[in-house]
Every structure is written in C-alpha cells, then in structure tokens.
Amino acid sequence: MIDSFKYKGARNRLADSLTEKGISDSKVIEAIRAVPRHWFVESALMDSAYEDRALPIAENQTISQPYTVAFQTQLLDLKPGMKVLEIGTGSGYQCAILCAMGMKVFTIEVNRKLFQNARSVLAELDFSPTMLCGDGSMGWDKYQPYDRIIVTAACPRIPAALQKQLADGGKMVLPVGNRDLQEMCLVIKKSAQEFEIKRLDKFKFVPLRGKDGFF
Ligand code: SAM
C-alpha cells in the first residue's frame with residue numbers, strides 16, 4: 001500500500017485538530033501523524049480515514065474514532081518499552097499507535113478474519129506485536145503482568161482477570177457501562193487488592209464478547 005502527500009497532509013490536519021480538542025501528549029500526536037490510518041480501512045473509505053470519526057470495518061465492527069484512540073492512549077500515560085496488553089485488535093490501528101510509540105504490545109482479537117487482516121497490515125508496516133486470536137475478556141495469562149492494559153470494546157464490568165494481570169502500579173483504560181453508553185474508566189492498581197478507579201467521559205463502543213463480556 002502507498003502513502004502520499006495528500007494523505008500525509010490530511011493526517012497532519014487531523015493531528016492538529018486533536019490537539020485543539022485537548023489531546024496534549026505530544027508523543028500521542030506524533031504517533032497519529034506517523035501511522036497511515038487509511039491502511040486500516042477498506043479502500044472505498046480511504047478518503048474518509050482522516051475525518052475524526054469511527055468507520056465501519058469488516059465483520060460489523062468499527063475502527064475507533066481518532067479522538068477516542070488518542071484519549072485512551074493519553075490516559076495510559078506510556079513510557080517507552082512498557083508492556084501493553086490490548087483487548088480488541090479490530091483493524092490494528094490502535095495497536096499500530098502503541099507500536100509507533102515504542103511499546104511492547106500484546107493484542108487479542110476474537111474475530112479470526114479481523115485478526116488475519118490486522119496481522120497482515122501491521123506486518124506491512126514493520127510492526128511486530130505479539131498477537132492472539134481468542135477471548136481477551138480473560139486476558140493473556142502467559143505474558144502477565146502488564147504495565148498497561150487497554151480495552152477497546154464496551155465492558156459490562158471491569159474484567160477480574162485483567163485486574164489480576166495488571167502489574168502493581170499499572171494502569172488500565174477501558175469503557176464500562178451498558179451496550180448503549182459507557183464511561184471511560186482509568187483503573188490504577190495500587191497493590192494486589194487495592195485499585196483506584198477514576199470515571200471519565202462517556203463513549204460508545206461495540207460490545208465486548210466472551211466469558212466476561214456481554215455474550
Ligand atoms: N482497537 C480497534 C482498532 O484500532 O481498530 C478497534 C476495536 S473495535 C471498536 C472492538 C473490537 O473488539 C472488535 O474488533 C471486536 O471483534 C473485538 N472484541 C470483542 N470482544 C472481544 C474479546 N472478548 N476478545 C478480543 N476481542 C474482542
């Protein structure tokens with residue numbers, strides 16, 4: 001796939017608009033400027049890839065709105081080299097943002113077709129996250145603990161397995177609520193038993209499936 005001046009210009013305008021909307025972490029903005037979002041959508045939607053809105057991808061799922069990606073990523077408070085677990089690879093775009101920021105990324109997608117699509121576009125961009133096709137509501141025990149966890153699908157509650165797999169001092173960002181509306185939650189693990197939970201703005205995500213999901 002190709003990048004072009006047209007798409008680079010649109011990407012820069014998107015990054016500037018996210019700054020105006022309150023995204024202040026310059027590393028997040030740099031990653032938005034660097035990652036070609038149009039590679040993660042179907043060819044018919046490429047010209048809409050730098051509008052600040054969610055877009056449909058295959059299998060009735062969505063690539064999150066750029067503002068939402070930037071908001072969640074900023075909340076993660078990332079330092080280079082951190083181990084980050086993402087639940088809901090989807091198109092792979094959020095994963096690419098994390099990779100571009102120098103994270104060691106582990107990502108889980110339940111849908112096999114989306115998993116395969118994301119794997120090939122991430123490889124084409126020379127990113128090498130560790131990927132799994134399966135139910136992320138139970139986390140990924142093999143590589144725990146994680147410094148950071150991000151969930152990009154709506155959760156009916158904070159999944160207990162994810163709380164357990166978070167490192168002490170670690171942070172998790174996830175939308176929690178019903179199927180129609182969720183609150184973005186920032187969970188900070190103080191110790192094995194103690195969690196601080198901050199509830200932030202309202203968002204609407206597609207539902208999390210699986211054992212600790214909606215269905
Ligand atoms: N992060 C994605 C991106 O950048 O394109 C957007 C993700 S989309 C809003 C939510 C994704 O979560 C969908 O691809 C869906 O298949 C996936 N999903 C839902 N339940 C899941 C589960 N239990 N484990 C892993 N992935 C799940």
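Figure 1. Glu59 is partly exposed, with a relative accessible area of 39%. The model shown here and in the other views is a predicted one. Glu59 is found in the loop that joins β1 (55–56) to β2 (62–63). Its phi is positive, near 60°, although Glu59 is a residue other than glycine. Asn60 lies in the loop between β1 and β2 and has a positive phi of about 60°, again without being a glycine. With a relative accessible area of 76%, Asn60 counts as exposed. For comparison, most residues other than glycine have a negative phi.

Figure 2. The bond from Gln144 to Pro145 is cis, and its omega is near 0°. Pro145 is placed in the loop between β5 (130–133) and β6. Most peptide bonds are trans.

Figure 3. Asp147 belongs to strand β6, which spans residues 146–151. Its relative accessibility is 27%, so Asp147 counts as partly exposed. Leaving out residues up to four places away in sequence, Asp147 touches Met82 and Lys83, as well as Leu166, Ala167, Gly170 and Lys171. Leu162 is 15 residues from Asp147 along the chain, and the C-alpha atoms of the two are separated by 11 Å.

**Figure 4. Packing of helix α3 against helix α4.** Helix α3 covers residues 66–76 and helix α4 residues 93–100; they pack at an angle of about 40°, with their axes 11 Å apart. That angle makes α3 oblique to α4. The crossing of the two helices is right-handed. On the α3 side, the contact involves Val69, Gln72, Thr73 and Leu76; on the α4 side, it involves Tyr93, Gln94, Ile97 and Leu98. By type, the residues of this contact comprise 5 nonpolar, 3 polar and no charged. An α-helix has 3.6 residues a turn, so residues three or four places apart point the same way.

**Figure 5. Burial of helix α4 and the residue that follows.** In α4, 7 of the 8 residues are buried, so the helix is largely enclosed by the rest of the structure. The buried residues are Tyr93, Gln94, Cys95, Ala96, Ile97, Leu98 and Cys99. After α4 comes Gly102, with a positive phi near 85°.

Figure 6. Leu18 lies in helix α1, residues 5–20. Its relative accessibility is 0%, and Leu18 therefore counts as buried. Apart from neighbours within four places in sequence, Leu18 is in contact with Ile23, Ile29, Ile32, Asp52, Pro66, Tyr67 and Ala70. Val110 is 92 residues from Leu18 in sequence, and the C-alpha to C-alpha separation of this pair is 30 Å.

Figure 7. A disulfide requires two cysteine sulfur atoms within 2.5 Å. The closest cysteine sulfur to that of Cys133 is in Cys95, 14 Å away, which is too far for a bond. Cys133 is partly exposed, with a relative accessible area of 21%. For Cys155, the closest cysteine sulfur is in Cys185, at 8.8 Å, again too far for a bond. Cys155 is buried, with a relative accessible area of 0%.

Technical notes
Residues are numbered from 1 along each chain as its sequence is written. This is a predicted model: local features need pLDDT of at least 70, side-chain atom pairs count only at pLDDT 80 or more; totals for chains, interfaces and linings use all residues. Side-chain values use heavy atoms; hydrogens and water are left out. Axes are lines fitted to C-alpha atoms, for helices over the stretch in contact, and angles run from 0 to 180 degrees between N-to-C directions. Helices (H or I, at least four residues) and strands (E, at least two) are DSSP runs, numbered from the N terminus. Angles under 35 degrees count as roughly parallel, over 145 as roughly antiparallel, 65 to 115 as roughly perpendicular and the rest as oblique. A crossing is left-handed if the near helix is turned anticlockwise from the far one by less than a right angle, and right-handed if clockwise. Contact means heavy atoms within 4.5 Å. Ala, Val, Leu, Ile, Met, Phe, Trp, Tyr, Cys and Pro count as nonpolar, Asp, Glu, Lys and Arg as charged, and the others, Gly among them, as polar. Buried means under 20% relative accessible area, exposed over 50%, partly exposed in between (1.4 Å probe, protein chains only).
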